[in-house]
Structures are given as structure tokens and as C-alpha cells.
Amino acid sequence: MKLLEMNNIKKSFDDLEVIKNISLNIEQGKVVAIIGPSGSGKSTLLRCATMLETIDSGEIFYNGDCAVRTDDDGNVKYALKDDMKKIYGYFGLVFQNFNLFPHFSVIRNVTDALIHVQKKSKKDAYGIGRELLKKMGIADKEKAYPCQLSGGQKQRVSIARALALNPKVLFFDEPTSALDPELTGEVLKVIKDLAKEHMTMVIVTHEMSFAKEVADHVIFMDGGVIVEQGTPEEVFNNTKNERTKAFIQRVNI
């Protein structure tokens, strides 16, 4: 079952074409890793998928519902407000820089959208939040504030916040890039555990060994296009594309 379908996506910033006619499908229960050099369009593609950036042309569907399409006259049409609200509920996004509210406690960061968007009672929201913090291994931090947490703890809070809304697909934009090397492992472990639970995830990452281990499908991007895609075995061990091969040799996994 396709949870996300992106067809013929194009995106430019002024005269710079960043995404060049990309199409991809994300199947339920699969983990997709998007890799490639800096400036290849990985994060922009993710931002287009999550409507943080508008596309110039193409179409995006979530769970069969149309989020955006291009009409016969070349005009890009996004879904109406009520339809888009439903579509936003299909996905969650974990940012590389956490994006926590500094004046909210950990538990309030996790539960705020549950209370104010999904209109759950504080009791129910806090129950969900505490279960997620326990799952993230930071149950003892619920009353702490972001400034009192390590980078790894902040990222686990942001993962809990994204999971709280029960999305069908979870996006990660370089989830460990803002972390010290010794804190990276604890966040990657959380993502690996989610993969074991068959959480559908799309992960833009520079952690090649992690991508090789956890992904069902790997997409290699360069210059705004998908150069190659396939299983980790195909992309990392048996690539026949010279650009992919040069990249993998350079990162030396």
C-alpha cells in the first residue's frame, strides 16, 4: 500500500533548479533512506513532501488523498484547508535542530499538539506523552526544559512529539547532524527500534552505515535527481552507477 506518492516533482529557488522531475513511492511499513552529497536536493525533497516548501509542478498523494496537483494549465493546486488538515495528520517530521519550544517542559512539548490540535484531554494526552517518553528512555525528564537536556535527549523528545500524533509515516531530516558523535548512537537506536516495529519512515541521513543497516530501500540523489535506488545491498555493495560508486567510496563505509 502506497502511503506517499510523489510524481514529477520540480522545485527551483530563483534560477537554481533544486528538484528536477523526481517521482517516488513510499510503501507502508518500509524504511527509506535518502543519501547523497550536500546540495543534492535531499532536504528540499523532504520539505516538499511535508509541505514546508511549495512545489513548482507535480503531484503528491498521502494514503490516496491528493495534497497537491498541477492542473492542465500548469497551475499548482493545493488541497483545501479541511482536506489538508487531514493530510497533515498522516505524517510527522523530526527536524535536525529539534525545534522544541524552549519555554515548555518536555512533557508539554510532547503533549501540546495532542491537547490543542487533536483536542484530547490533558489526562489522556499526558498518558500518551509519558508512555512515549518511557519508550524513548527519558521518562525521568518530563519536567525538565530543553536547555537542561543533552542534544541526544532533545532529539528523543522531538521524536516522541512526532509520534504522539500517531502518524502513518515519519520523516527525519538529518536527525543526528546536530549531535556530538557520542550522542548519535542513542538516537539511531531509537530509530532502529521503530524500524523493528514496522514504522514507515523516510530518513535523510549522512550516516551511511546506519542507512545500510536499517533501510529497506535506499535512494541516492545528486544534482536534484534520483541517480540510483534499490535495496541496501544493491546500492552499497553492487552499484553499477559510477556516480554512486564514487560517493560510496568517498564516505568509506
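**Cavity, pockets and burial**

About 50 Å³ of space lies in the largest cavity. The model is predicted, so local features need pLDDT of at least 70 and side-chain atom pairs count only at pLDDT 80 or more, while totals for chains, interfaces and linings use all residues. Residues are numbered from 1 along each chain as its sequence is written, and side-chain values use heavy atoms, with hydrogens and water left out.

Q: What makes a space a cavity rather than a pocket?
A: Both are found on a 1 Å grid over the protein atoms alone. A cavity is a set of points where a 1.4 Å probe fits but cannot get out. A pocket is an open set with protein on both sides within 12 Å along at least five of seven lines. The structure holds one cavity of 30 Å³ or more.

Q: What does a volume stand for here?
A: It is the space filled by probe spheres set on the grid points, which are joined across faces, edges and corners. On that basis the largest pocket has about 700 Å³.

Q: Which residues line the largest cavity?
A: A lining residue has an atom within 4 Å of a point. For the largest cavity these are L4, M6, L24, I26, I34, L45, L46, A49, F171 and V202. β1 (2-13), β2 (16-27) and α1 (42-49) each give two or more of the lining residues. The largest share, three residues, comes from α1.

Q: How do you know which class the residues lining the largest cavity belong to?
A: Ala, Val, Leu, Ile, Met, Phe, Trp, Tyr, Cys and Pro count as nonpolar; Asp, Glu, Lys and Arg count as charged; the others, Gly among them, are polar. The lining has 10 nonpolar, no polar and no charged residues.

Q: What lines the largest pocket?
A: It has 21 lining residues, and Y88, F91, A113, V117 and L165 lie nearest its centre. By class they divide into 12 nonpolar, six polar and three charged. α3 gives the largest share, four residues.

Q: How much space lies in the second largest pocket, and what lines it?
A: About 240 Å³ lies there. Of its 17 lining residues, P37, S38, G39, K42 and E174 are the closest to the centre. α1 and α9 (242-251) each give two or more residues to the lining. The classes are five nonpolar, nine polar and three charged.

Q: What makes a stretch a helix or a strand?
A: Both are DSSP runs, numbered from the N terminus: helices are H or I with at least four residues, strands are E with at least two.

Q: Why is M201 called buried?
A: Buried means under 20% relative accessible area, exposed over 50%, and partly exposed in between (1.4 Å probe, protein chains only). M201 has 0%, so it counts as buried.

Q: What is M201 in contact with?
A: Contact means heavy atoms within 4.5 Å. Leaving aside neighbours within four places in sequence, M201 is in contact with K30, V31, V32, L170, F172, I191, L194 and A195.

Q: Is F101 buried, exposed or partly exposed, and how do you know?
A: Its relative accessible area is 37%, so F101 is partly exposed. F101 lies in the loop between β7 (91-94) and α3 (106-116). Beyond its neighbours within four places in sequence, F101 is in contact with N109 and P146.

Q: What makes the N7 and E59 pair a polar contact?
A: A polar contact is a pair of N or O atoms within 3.5 Å; within protein, one must be able to donate a hydrogen and the other to accept it, and residues adjacent in sequence count only if both atoms are side-chain atoms. The side chains of N7 and E59 are joined at 2.8 Å. N7 lies in strand β1.

Q: Why is N7 called buried?
A: Its relative accessible area is 14%, so N7 falls in the buried class.

Q: Where is Q155, and why is it called buried?
A: Q155 is in helix α5. Its relative accessible area is 0%, so Q155 is buried. A polar atom of the Q155 side chain lies 3.1 Å from the backbone oxygen of F95.
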